[in-house]
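Trainee: I would like to go through the pockets of this model with you. Can we take them one by one?

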Amino acid sequence: MRKGVGVSEDSEILERAMRYPYAVPMRPFVQQGHRTLDPDEAGIDRQQRSRLLVYGSNASPEQLARKLALSADPVLVEPAWLHDFDVVYSAHFAAYGAVPATLQRSPGTTVRVAIIHLTDEQLRLVSATELNYELTSFGEETCELPDGEPVTQLSAYISRHGCLLIDGSEVALVAVPARDRDFAEMSEPQVLEHLRSALRPDESIDTFVLSGVTDPKLAQARTEQLGRRPFLTAS
């Protein structure tokens, strides 16, 4: 426990880091504040919204409730499959202690992602949380909804830090479903434990995570020590 901080607060920080990327429904849903609704209950006109390809925690009701807390409007989330990519760990530590996700090209792999339909205000709110990422156009990349409907001309946030390398290769999020996956898989606790062992072998995992959350400069220094590979911009 940190000085002046209760056990419950430290536990919440550790839980949030370890549970990344949080639970993601396998069906379309609408998130309005902390309420998760059926799409038919909201009546959202998709044509009046911006479409954003998301993966990792931005497809979860929990994270959307945090990031869109200042918006009274509902947001529509549709599961989708993205071809020739995978969802892997980014080479940086998030402010809340997790090692978050990014995309990397992976020919032959099909990975579960989501399309979220945002108002202009909601897009600004999400963008304000993505300082470690760059909005990237996906043009004609192949993405499809579960019923097979193709979706093109999408944008997604790609990590500015590149993809984390462990033993010389990217590592996929075991929590994110994929078909024909080539990259090795790890859970968030496994990745954090691996990095703790490599960077601070004398610390417990709890101390390692909490110290990075409470000291942004320390988290940045640790980020700079990570092995990485840039996002591959061409097939």
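Trainee: What volume does the largest pocket have?
Mentor: Keep in mind that the model is predicted. The volume is a computed value. For the largest pocket it is about 560 Å³.

Trainee: Which residues lie closest to the centre of the largest pocket?
Mentor: The lining of this pocket holds 31 residues. Five of them are listed as closest to the centre: His92, Ala94, Thr129, Asn132 and Tyr133.

Trainee: Which element gives the largest share of the lining of the largest pocket?
Mentor: Look at the elements that give two or more residues. These are β3 (50–54), α3 (61–67), α6 (205–214) and α7 (216–224). The largest share is 4 residues, and it comes from α7.

Trainee: Where is the centre of the second largest pocket, in terms of residues?
Mentor: This pocket holds about 220 Å³ of space. Its lining has 18 residues. Nearest its centre lie Val24, Arg112, Ala175, Val176 and Pro177.

Trainee: Which element gives the most to the lining of the second largest pocket?
Mentor: Two elements give two or more residues here, β4 (75–89) and β5 (101–118). The top contribution is 3 residues, from β5.

Trainee: How many residues in the lining of the second largest pocket are nonpolar?
Mentor: Set aside the 2 charged residues and the 1 polar residue. The nonpolar count is 15.

Terms used. Residues numbered from 1 in each chain as written. Predicted model: local features only at pLDDT ≥ 70, side-chain atom pairs only at ≥ 80, totals over all residues. Heavy atoms only, no water. 1 Å grid on protein atoms, 1.4 Å probe; cavity = no way out; pocket = protein on both sides within 12 Å on 5 of 7 lines; lining within 4 Å. Points joined across faces, edges and corners; volume = space filled by probe spheres on them. Nonpolar A, V, L, I, M, F, W, Y, C, P; charged D, E, K, R; others polar.
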